[in-house]
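Dear colleague,

My findings follow directly after it.

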Amino acid sequence: MIDIHCHILPGVDDGPKTKEESILMAREAVNQGIETIIATPHHRNNTYVNSKKAILRVVDEFNTILQNEQIPLTILPGQETRIFGEILEDYNKEEILTLNNSNYLFLEFPSSSVPRYAERLLYEIQLEGLNPIIVHPERNKEILDNPNILYNLVKNGALTQVTAASLAGFFGKSIKKFSYQLIENNLTHFVASDAHNIHNRSFKLNEAYDTIEQEYGIDSVYLFKENAEMILDGKLIFKEVPQQIKKKKLFGIF
Ligand code: FE
């Protein structure tokens, strides 16, 4: 199994602080059946900055540690970038890192809103030959309140990644319900852990895939798993025509 969104590198962001904590996460990942992780440190906030060059170096170091510890897990480089106006300029300055150096780029919105310039910027990112993947849209308040914002972005080519813990219900009922609506309306293309530790923000990938299988069958699970694989090789992923989420459903699944 592949996890394309994970904060596992030691001491780089709000993930594990030490090498030892990172190793515990790695062991837990292997227990979950994960053999490859794309490490996606936050690009920057008030307390840290993680440039492409720095991430590549820490990924190399951590892979060596895993080999020495004989943990059968491979870490690939990635980055989770909070949306900002000059993202393409910084990408061209080799500051921004795509997922495993493919043409798939993780983009995070602020938790409460979607910037007005997002639509234009997502379009420009695609003109540059990159496929933007909006991470955990189900946890964004403005999107929860107005799912059409996300529908329009997906209709115009953006991809999205839903977080395993959201599907498994760890962020509450409404986020869980919305996550399933995203799947049902072809508004999400990847499931990933966004794990930060082994305590309150662990992997939950198995739990998520189990619930997807119960609701939609094993083919749906394969689709998400194959899409994650496609990223590693920079190949085209599978997607269906997105639908608008209908406000009132007669028969909700929860
Ligand atoms: Fe994250």
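Strand 5 (residues 104-108) is largely enclosed by the rest of the structure, because five of its five residues are buried (under 20% relative accessible area, with exposed meaning over 50% and partly exposed in between; 1.4 Å probe, protein chains only). Strands are DSSP runs of E with at least two residues and helices are runs of H or I with at least four, numbered from the N terminus. From strand 5, Tyr-104, Phe-106 and Glu-108 point one way, and Leu-105 and Leu-107 the other way.

This is a predicted model, in which local features need pLDDT of at least 70 and side-chain atom pairs count only at pLDDT 80 or more, while totals for chains, interfaces and linings use all residues. Residues are numbered from 1 along each chain as its sequence is written, and side-chain values use heavy atoms, without hydrogens and water.

Strand 5 runs parallel to strand 4 (residues 81-82), joined by two bridges; pairing requires at least two DSSP bridges. Arg-82 has Glu-108 as its bridge partner in strand 5. Strand 5 also pairs in the parallel sense with strand 6 (residues 131-135), over four bridges, and the partner of Tyr-104 there is Asn-131.

As to the metal site, the iron ion has as protein donors His-5 (NE2), His-7 (NE2), Glu-80 (OE) and Asp-194 (OD), at 2.1 to 2.2 Å. Donors are N, O and S atoms within 2.8 Å of the metal (3.2 Å for Na, K and Ca); water is not among the atoms, so sites may look incomplete. Along the chain, the donors follow the spacing H-x1-H-x72-E-x113-D. His-5 is buried, at 0% relative accessibility, and Asp-194 is buried at 2%.

Yours sincerely
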